[in-house]
Amino acid sequence: MAFYIARRVAAIALILLVISILIFAITQVLPGNVARMIAGQFATPDVIAAIQAKLGLNDPLVVQYWRWASRIVSGDLGQSLIMERPIGPMLRTALANSATLAAVSLVVIAIGGIGLGIIAAIRHNTALDHGISVVTFLGISVPEFFWGIVLILVFAGYLQWLPSGGAGDSATGAMSLKHLVLPAATLTFALIAHVSRMTRSSMLETLSSQYVLYARAKGLPERVVLIRHALRNALLPTITVLAIDLGLLIGGIVVVETVFSYPGLGRLLLFAIERHDLPLIQATILVVAAIYCCANLAADLLYAYFNPRIRYGRARG
Amino acid sequence: MRRVIGFALTLVAAWIGWVQPATAAGTLKVAVPSNLNTLDPAKTKIGEEYIVNFLVFSGLTEIDRDGRTKPDLAERWTASDDLKTWTFYLRKGVKFHHGRELDAQDVIATVARIQDKATGSVTRVNFELIDKMEALDNYTVRFTLKAPYAGLADLFSDRQARIVPRDRVDTLATAPSGTGPFKLKSFTPGDRVELEKNTAYFVPGVPQLDAVVLRIMPESAAQAAAIENGEVDLVWNLPLEAIEQFKKNPNIAIDSVPTSTWDGIIMNGAHKPFDDPRVRRAISLAIDKKAMVELALFGYGTPTHTMIPPGHPFYDGDLKDGPPDIATAKKLLAEAGLPNGFDVTMYTPVGRPTRERIGLAVREMLKPINVRVDIQRVPWDKFINEVEGKQAFYVDGFYSRPTIDASIYPWYHSGGSWNTTLWNYKNADMDKTLDAARAARTESEQKANYIKFQVLALQDPPGVIPYVINHMNAYRKNVKGFQSSPMMWLDLRRVTVQ
């Protein structure tokens, strides 16, 4: 198991290196220019040249990449060109906000999705099963920003129960929990169908397998059959879906953060791209890529934990 | 003993009950749509940043609601007869937020910084005309100009020309220190800007608010919900498309003021057939400005002759401008050798909804004079690089400038920076009038020249400026003493929250 983990971690380091080169290359060919962004639409060429020289944008690309990469390795994410402040603290706050929102959403998606999937499987082809299908599909087939605005209009505008957006004051914890409800609900609604559908179908498959029949024949109580025998196997594909969902969550969070004025990673990235703030774009994408890699690693490890064949099979080869 | 404790608790409860609403009431919470890029005034470019510029910093002068220049950090100023030497006398005892007293060297450092190309300030071109600066003493600055200019005092009210402390220029973007009514408490990018009262502000008894919070909320539905449930007290610069959402609530007032921000129908005189003044005049006669306000702005704007907004003391209210005169327009086209009209492509920028709607309206309004318009929508990047200044016929737009001269001269004078990019317009009379306005010694002389300018601008139009856009704010009725500013910044010095 340790060897397996070490191999996977090494692979991730390599992937991140390649990604860092890719990000750097892509940001170089993006249309537009940060000096123009700073100087404004109507700047004359000599002003742009002066700013470019100041920012060191005239050095060869390899030099620029080396300067950037070596700083990152030493833990310095650099300075935002537009905001003229260090990226590190800004990114940390945004990441903490997004991570809280994503974690809460993912937990609700996992528990809610698996729960709904089990209920739908046990009561399959009943009104309850169809009801769950319809509701979860409604969530997945209409984009997040629509549900987000509906929730704002109803719960913040009409009923006035919850705030319409923001992350609250970091000083008071209770406030920020209140601020999480609507964005987390929006994300959950958008993604829960994946999990509930996958759980439902793999539960159905497992429930009709030989060993479940055998377990039932042995006279085990239904609860034990469901949870001990069926669920453990049925969860394998669900874990993969959850890892993919985490990727979708990172994408969906950009939209949800904008609708709910939530100061997270997605908004920061959007801001960086709009303003052509290269160091900020590079640092943010690198962090997102790292998160994605780690999520996949976590999914693989969980998978290996649930299914011993994987870890031994891979470790030998 | 128990009674004593009980009494003390009651007192505490009363104290909390009394104190809490009072502190809460002294905070004004404002929703703004975009994140701020920088807090360094010289580098600011968007309205949200200008709000902070005016709350945290002061200028040498300021512009009041009627467009007149008033003292701010400068108590008074004088100009030599040839308008080339200007002397500004600073208020004494004004303190920056970090405690040091403002002096003449700060003013000089501020201007030098704006003039430096590496700063990249958008107002740099305006300050290029300053040749020499010297501090006559701690509170007196003398500027020597390259050419006579009557509007120097007005320029010092500009959004980027806020006076900054020379010992803190490197930290302006993150920890600005100014002389304004509020000081920065914190800025969380993407979330909020928190400001608190500057108790040492140089006007006694001002400001009345204890704190101001700017909440960054990009989504207008979220803004509407937030003002409805009291999360914010004021929504700044309502998008035209969303005003109806705010109108329903009886607890919310909407305040509207014409700005000098305008959209324009650009006809490039370097291209046929717009090199013929008769063609340009014909097109301008066919445009229904009143209808344009309805179509492009849903009514939230004001028809105008030029960028001088109606309501400004220099606006010519007697000038006839509309309704459309199709017969004369057709006659002019025939005289220009185009009796059957012509085909033309008009470019509009995607993502600038008012300008896109102008494009559609122009197409319909020009049909009666047989000018057939084909509309091409182009992305903003492409618009800047390939359309602006290069194509013959397109819709563009510009934000208010701080002074009448800075709003007009670059667009209408044959040597103006914008004219040479946009419409390549030459009219000797116009040049003479605008130069005379620049050198005018009195307000009435200035006004006479700007009235003449407006007449000329309609007689021989380089393009059409159909309207100026209104700036609108929504606020809860417990906010007292608030008035929207034509410059779109928030003057909160005398505002209170009840």
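## Cores

B:Leu55 touches B:Gly180, B:Pro181, B:Phe182, B:Leu195, B:Val212, B:Leu490 and B:Leu492, leaving aside residues up to four places away in sequence. The model is predicted. B:Leu55 and B:Val30 have the most contacts inside the largest nonpolar core, which has 172 residues. Helix 10 of chain A gives the most to this core, with 14 residues.

A second core is separate and has 29 residues. Among them are A:Leu77, A:Ala272, A:Ile285 and A:Leu286.

## Chain A overall

Chain A has 13 helices and 0 strands. Its C-alpha atoms fill a box of roughly 85 × 60 × 35 Å along the principal axes. The chain counts 317 residues, and 38% of them are buried.

Consider contacts in chain A between residues at least 6 apart in sequence. Of these, 73% join residues at least 24 apart.

## Helices 11 and 12 of chain A

Helix 11 (residues 265-275) and helix 12 (residues 278-306) of chain A have axes that come within 9 Å. The axes cross at roughly 145°. The crossing of helix 11 of chain A past helix 12 of chain A is left-handed.

From helix 11 of chain A, the contact uses A:Leu265, A:Leu268, A:Leu269, A:Ala272 and A:Ile273. Helix 12 of chain A answers with A:Leu280, A:Ile281, A:Thr284 and A:Val288. By class, this contact has 8 nonpolar residues, 1 polar residue and no charged residues.

## Where chain A meets chain B

The contact takes 39 residues from chain A and 30 residues from chain B. On the chain A side, helix 2 (34-39), helix 3 (45-55), helix 5 (87-122), helix 7 (144-158), helix 10 (222-259) and helix 11 each supply at least two residues. The side of chain A that touches chain B divides into 22 nonpolar, 11 polar and 6 charged residues.

## A four-stranded sheet in chain B

Chain B holds an open sheet of 4 strands in the order 4-5-7-6, with antiparallel pairing. Strand 4 (74-79) and strand 6 (130-137) of chain B are the edge strands, each pairing on one side only. The twist averages 20° from one strand to the next.

Strand 6 of chain B runs antiparallel to strand 7 (residues 140-145) of chain B, and 6 bridges join them. B:Lys132 has B:Thr144, in strand 7 of chain B, as its bridge partner. Helix 3 (residues 104-115) of chain B packs on the sheet. That helix touches strand 5 (85-90), strand 6 and strand 7 of chain B. Its direction makes about 165° with that of strand 6 of chain B.

## Backbone details in loops

Two cis peptide bonds can be described in chain B. One joins B:Lys272 and B:Pro273, with omega about -5°. B:Pro273 lies in the loop between strand 12 (252-267) and helix 8 (277-286) of chain B. Another joins B:Gly322 and B:Pro323, with omega about -5°. B:Pro323 sits in the loop between strand 13 (301-303) and helix 10 (326-335) of chain B.

A:Asn125 is not a glycine, yet its phi is positive, near 65°. A:Asn125 is in the loop between helix 5 and helix 6 (127-141) of chain A. A:Asn125 counts as exposed because it has 8 C-beta neighbours inside 10 Å, and the cut-off for exposed is 12 or fewer.

B:Phe298 has a positive phi of about 55°, again without being a glycine. B:Phe298 lies in the loop between helix 9 (289-297) and strand 13 of chain B. With 14 C-beta neighbours inside 10 Å, B:Phe298 therefore counts as partly exposed.

Definitions and conventions
Residues are numbered from 1 along each chain as its sequence is written. Chains are lettered from A and ligands numbered from 1 in the order in which they are written. This is a predicted model: local features need pLDDT of at least 70, side-chain atom pairs count only at pLDDT 80 or more; totals for chains, interfaces and linings use all residues. Axes are lines fitted to C-alpha atoms, for helices over the stretch in contact, and angles run from 0 to 180 degrees between N-to-C directions. A crossing is left-handed if the near helix is turned anticlockwise from the far one by less than a right angle, and right-handed if clockwise. Two residues are in contact if their C-beta atoms, placed from the backbone, lie within 7 Å. Ala, Val, Leu, Ile, Met, Phe, Trp, Tyr, Cys and Pro count as nonpolar, Asp, Glu, Lys and Arg as charged, and the others, Gly among them, as polar. A residue is buried if 20 or more other C-beta atoms lie within 10 Å of its own, exposed if 12 or fewer, and partly exposed in between; C-beta atoms are placed from the backbone. A nonpolar core is a set of buried Ala, Val, Leu, Ile, Met, Phe, Trp, Tyr and Cys residues joined through C-beta atoms within 7 Å. Two strands pair if DSSP finds at least two bridges between them.
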